Amino acid sequence: YDITITCMDAGRPALTSRKTIRVEVTDINDNSPRFSRPVYTANVLENNVIGASIFSVTAFDSDVGENARLNFSILESHVQNSSIMYYVSINAANGVIYAQRSFDFERLKNFQIQIQVQDSGAPALTSNASVNVVILDQNDNAPVIIHPLPEYGSTAMESISRFAEPGYLVVKISATDADAGQNARLSYQFFQATHLNIFTISADTGEIWTIRPILSKDASNQRLVVVVKDNGIPSLSATVTIVLSVIGTD
């Protein structure tokens, strides 16, 4: 600020003198740094590359010079009994967060990071924020068929009466998928069958039903190959072969 002071005497004519004084205001560290928000959410796709940037935080300080020079750090905490430092790191200068490991959705779905920003004033002032890391599922698990269990390699043995009426429930295929959401939504269909016009399968439940009587001319061993697909991109699948022994004679 420039301040001009004028001094005037009382004579006739009055005489004056002027002096300009420059006042320079020196900054003191009286403003804490502030994050752009107190809580962040970072969505990270599983199977990420180790060392890849997964998120960044920003902060500002109303002071100037060294009082506004900021340093970011991660506060110590634990995730699944391990130090947070084994999971992520942060660039002290710009707040970019890096993955220290490849995340697996099936083992870890989310965790929290406590971030601190500190200015370079004396004494230094700090502020904290949290980052909620959400691991996103990737379709990296194929369906697993749990019933019927194969007895010979990948072949399961079942039996059916030759006198089974149309609508008879032959067997139910059950499968699970370790993924989540659409990646775990399963559908069932025939891949091969000895006679496609004897049986049908529910795409949603995996139930196999008869749709017509079994005739004497039909094979006594009916071979069905069922494929179970998930709804991920790309879709993953599993297959099971069922040999149905037709029991009974006309």
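First, the ground rules. The model is predicted, so local features need pLDDT of at least 70 and side-chain atom pairs count only at pLDDT 80 or more, while totals for chains, interfaces and linings use all residues. Residues are numbered from 1 along each chain as its sequence is written, and side-chain values use heavy atoms, with hydrogens and water left out.

Now the overall picture. The protein chain has 0 helices and 22 strands; helices (H or I, at least four residues) and strands (E, at least two) are DSSP runs, numbered from the N terminus. Its radius of gyration is 37 Å, well over the 18 Å that the globule rule gives for 250 residues, so the chain is more spread out than a compact globule. That radius is taken over C-alpha atoms, and the rule is 2.2 Å times the number of residues to the power 0.38. The C-alpha atoms fill a box of roughly 145 × 40 × 20 Å along the principal axes.

Next, the inside. Of the 250 residues, 34% are buried, meaning under 20% relative accessible area, with exposed over 50% and partly exposed in between (1.4 Å probe, protein chains only). A nonpolar core is a set of buried Ala, Val, Leu, Ile, Met, Phe, Trp, Tyr and Cys residues joined through side-chain atoms within 4.5 Å. Which residues touch the most other members of the largest core? They are Val 88, Phe 111, Ile 113 and Ile 115, out of 27 residues. Elements giving two or more residues to this core include strand E4 (39-45), strand E12 (110-119) and strand E13 (126-136). Apart from it lies another core, of 23 residues, among them Ile 173 and Val 228.

Last, the backbone. Most residues other than glycine have a negative phi, and most peptide bonds are trans. The bond from Ala 122 to Pro 123 is cis, with omega near 0 degrees, and Pro 123 sits in the loop between E12 and E13. Asn 81 has a positive phi, near 70 degrees. Is Asn 81 buried or exposed? At 78% relative accessibility, Asn 81 counts as exposed. Asn 47 also has a positive phi, near 65 degrees, and is partly exposed at 37%.
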